[in-house]
Amino acid sequence: MSLPIRAFTPAEVKAALTKLNTRKAPGYDLISGEILKRLPRKTVVLLTVVFNLMLTLSYFLVLWKYAEIIMITKPGKPPHEPTSYRPISLLPITSKLFERLLLQRLNEEHDPSILLPSHQFGFRERHSTIHQVHRLVNEIAMSLEEKKYCNAVFLDISQAFDRIWHPGLLFKLKHTLTSNYYLLLKTYLADRNFAVRHNNTLSDHHPIEAGVPQGSVLGPLLFLIFTADIPKAGNTTTASFADDVAVLSVNEDPVSATRHLQTHLNSLAEWYTRCQMKVNQAQSVQVNLRPARIYARP
């Protein structure tokens, strides 16, 4: 049992409406951000009632779970090959508005610093790639300054956001969030469909059975929660930014540094297999850094 999610107020909905990006393309319903910004106060109140009913019933509207996929051609790629296109998912902007408000409530009741591991810098406030790079560079510089060996591995995951295993994600959500958020997010993930649009042609609808919704507001947070229990080790340093993971092993003995790194990689391999994720070996890199030799002058 847990307390109900605090209801939204018309003022909160209006404030969220003013922050909408009017340059974002609308979903299948063609309701753009500019239209939502111009809603009269009575309509904003009715929209607030709908949002609060969704919180009370722990139910996410089915009409907001339909994605329309637009294919964008990659520069310099042959147009007759499927791999030459980048899929862009368009969701109803009204659903993104509700997700933004729900994310605000979730952050108020669940501290991200407790919910997520400290080594994860992706999609978090006051965290950036620059901060993570400085953290890694400082670790490497300190090891070389202390004449120690530093072995590092930089991992890349194939289609990480599209491979999220829904039963595994729901299991982790149930043990991480309160019951009201869990039940609402359970309906948020269920019964999602997509169709691909090319020019004026629309494909048949197909169910989405894995992954977090592309283009959504809650998708990045769901991915971070799913990967929050990634294995760590006391004798290695882990650095994550979204789906990219770096592991550093520092030791005075190069054999010990390699052994500690391999042990950590073995636990990571088991975790990725259990979570049904695949490491992209072609994009992953292993680097051995050793201190420079100092030669005495004759």
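Colleague: Which residue has its charged end over the ring of Phe226?

Modeller: Lys172 does, with its charged end 4.1 Å from the centre of the Phe226 ring. Keep in mind that this is a predicted model. There is another case: Arg192 lies over the face of Tyr188, and the distance to the ring centre is 4.4 Å.

Colleague: With which residue does Lys172 form a salt bridge?

Modeller: The general idea comes before the case. Side chains of opposite charge can pair when their charged atoms come close. Here the partner of Lys172 is Asp229, and the closest N and O atoms are 3.0 Å apart.

Colleague: How many salt bridges does the structure hold?

Modeller: The structure holds eight. One of them joins Glu12 and Arg105, with the closest N and O atoms 2.7 Å apart. Glu12 belongs to helix α1 and Arg105 to helix α4, so this pair ties together parts 93 residues apart in sequence. Both Glu12 and Arg105 are buried.

Another salt bridge is formed by Arg197 and Glu68, where the closest N and O atoms are 3.2 Å apart. Arg197 is in strand β4 and Glu68 in strand β1, distant parts of the chain that are 129 residues apart. Arg197 counts as partly exposed because its relative accessibility is 26%. Glu68 is buried, with a relative accessible area of 10%.

Colleague: How is a pair of aromatic rings described?

Modeller: A pair of aromatic rings is described by the distance of the centres and the angle of the planes. The count here comes to 11 aromatic pairs. Take Phe60 and Trp64: their ring centres are 6.1 Å apart and their planes are at 70°, so the pair is edge-to-face. Phe60 is buried, with a relative accessible area of 1%, and Trp64 is buried too, with 10%.

The rings of Trp271 and Tyr272 also have their planes at 70°, with centres 5.1 Å apart, so that pair is edge-to-face. Trp271 is buried at a relative accessible area of 2%, and Tyr272 counts as buried at 4% relative accessibility.

Colleague: Which residues do ring pairs link into a cluster?

Modeller: The cluster is made of Phe8, Phe51, Phe60, Trp64, Phe98 and Tyr188.

Colleague: What does rolling a probe over the atoms show?

Modeller: A probe the size of a water molecule shows where empty space is left. The largest pocket here has a volume of about 650 Å³. The pocket is lined by 21 residues, and the closest to its centre are Leu103, Gln104, Asn107, Phe123 and Glu125. Helix α4 gives the most to this lining, with five residues. By class, the lining has 11 nonpolar, four polar and six charged residues.

Colleague: What volume does the largest cavity have?

Modeller: Its volume is about 80 Å³. The lining of the largest cavity has 13 residues, with Thr227, Ile230, Ala242, Val245 and Tyr272 nearest the centre. These lining residues divide into eight nonpolar, four polar and one charged.

Terms used
Residues are numbered from 1 along each chain as its sequence is written. Side-chain values use heavy atoms; hydrogens and water are left out. On a 1 Å grid over the protein atoms alone, a cavity is a set of points where a 1.4 Å probe fits but cannot get out, and a pocket is an open set with protein on both sides within 12 Å along at least five of seven lines; lining residues have an atom within 4 Å of a point. Grid points are joined across faces, edges and corners, and a volume is the space filled by probe spheres set on the points. Ala, Val, Leu, Ile, Met, Phe, Trp, Tyr, Cys and Pro count as nonpolar, Asp, Glu, Lys and Arg as charged, and the others, Gly among them, as polar. Helices (H or I, at least four residues) and strands (E, at least two) are DSSP runs, numbered from the N terminus. A salt bridge is a side-chain nitrogen of Lys or Arg within 4 Å of a carboxyl oxygen of Asp or Glu. Buried means under 20% relative accessible area, exposed over 50%, partly exposed in between (1.4 Å probe, protein chains only). Rings of Phe, Tyr and Trp (its six-membered ring) pair if their centres lie within 6.5 Å; planes under 30 degrees apart count as stacked, over 60 as edge-to-face and the rest as tilted. A charge sits over a ring if NZ of Lys or CZ of Arg is within 6 Å of the ring centre and within 35 degrees of the ring normal.
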